[in-house]
Amino acid sequence: MSDEETSLMDLPSPILLQILSTLPPTTLLYVKSISKSFLNLTLDSEFLKLSRSASPASIIIHQFNSNRTNSLKFLKFVVDNFDHDPNVDLDLQLYFPVDRFFLVGSVHGFVCFNYFFGDVDSIYILNPTTREYIILPEPQRVRKWPNVVRYGFGFDPVRFEYKVVRIYQEEIRDDDTNGFRYYKSEAQVYIIGEGYWRSCVEHVMFWFGCWVEGVNLYGKIHWLVSDANGNELICSFNLENELFESFPTAPGFTKENCPNLRSLGVFGRCLCVCDNNADTHFEVWVIKEYRVTDSWVKEIVISISPECNNYWLCYEMINLLKVLDNGEVLFLWRDDFLFLHHPVKRTLKRLDVCDGNFVASVYVSNSFSLKNFEAEIVKVF
């Protein structure tokens, strides 16, 4: 250990933890290579608690229009409004495919996209700040209907590894039950910097849906799934031990809802379920204690009525994106527009951010180069 490292390690643990907690998680990748003592310290549970709240977040918007354009926009929220600087927007059609190009998610400033067309099923990892990207190798088991693929992108805080999880869903027909269909799902994992996909041994009999990507929280990726009997559950994939778990979903699910207009999100530091199946109200359920069924609480209820002039809320998928510092909650209505709701003031405000269709995700910029990941071929756009 160098003299500088020794001096730092001589600091009281709470002070050193506070110093390290101000660094973005990508910078802490360097800590991993400095010394084992630093690594153990950064894995301290108190440090992880501090680092979760250290970096301000904005919103990244992936816009895709009917005229075959793809672009990225970035929103920062200030006071009671948002700030959009068009000079930092990125026109992706100049560098990337334009058909079936989907936002999977964003973690620590790295943005994951899936390009799917025909037999091609590719994953792109971008850093919009450095304008670098990598293309992951093609995974095994090409998706072809009726088999379906879902993705998730997350961070393992124990090993300091960024992982892409590919859920390959194979349709199984049971001849003993008059052709009843169910799905056997398996996970394929790619660690950024290793250069190859590998399959996990474990399989689960869940249907992960067609269009919804995973929610990253607590070092796990979560999906709303259906079991073989059509019941809704929350399924998680642990990024450390690469095992599946499941637990009961929020109240209110019925098998009669078709389509099922429920979505999974993050409310503060808790999982939440947005439910838009009723014609009289939209509600958000939050699980206050992870995996504790009795801790589901109805956090938000928005009444839908002619007096409120908000029938536009009805019968469409709504995703919760972020709880802002002022208490307002940012939602995405289908893939058309954003809106803000204040649970205390009971206000609704539609945001005119961009025309056309788009998806959005929480985003924290960083200047960590993708070239620091071994075994990856980095390109610049």
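In the predicted model, a polar atom of the N326 side chain lies 3.0 Å from the backbone nitrogen of E328. N326 itself is placed in the loop that connects β21 (318-323) with β22 (329-333). The relative accessible area of N326 is 28%, a value between the 20% limit for buried and the 50% limit for exposed residues, and N326 is therefore classed as partly exposed. In sequence, N326 and H342 are separated by 16 residues; in space, their C-alpha atoms are 8.7 Å apart.

At the level of the whole protein, the secondary structure consists of 5 helices and 26 strands. The protein has 381 residues, of which 48% are buried. Among the contacts with a separation of 6 or more, 49% are made by residues 24 or more positions apart.

In general, the strands of a sheet pair through backbone hydrogen bonds, in either a parallel or an antiparallel manner.

Nonpolar side chains tend to be buried together in soluble globular proteins. The largest nonpolar core of the model comprises 22 residues, and the members that touch the most others are I123, I125, L136, F153, V164 and I192. Two or more residues are contributed to this core by each of β5 (101-107), β6 (110-117), β7 (120-127), β9 (148-156) and β10 (161-174). Strand β9 provides the largest share, with 4 residues. A further core, of 19 residues, lies apart from this one; F267, V286, L320 and F337 are among its members.

The surroundings of I192 were also examined. When neighbours within four places in sequence are left aside, I192 is in contact with I125, I134, L136, Y162, V164, F373 and E376. Of these partners, I125, L136 and V164 are listed together with I192 among the core residues that touch the most other members.

Key:
Residues are numbered from 1 along each chain as its sequence is written. This is a predicted model: local features need pLDDT of at least 70, side-chain atom pairs count only at pLDDT 80 or more; totals for chains, interfaces and linings use all residues. Side-chain values use heavy atoms; hydrogens and water are left out. Buried means under 20% relative accessible area, exposed over 50%, partly exposed in between (1.4 Å probe, protein chains only). Contact means heavy atoms within 4.5 Å. A nonpolar core is a set of buried Ala, Val, Leu, Ile, Met, Phe, Trp, Tyr and Cys residues joined through side-chain atoms within 4.5 Å. A polar contact is a pair of N or O atoms within 3.5 Å; within protein, one must be able to donate a hydrogen and the other to accept it, and residues adjacent in sequence count only if both atoms are side-chain atoms.
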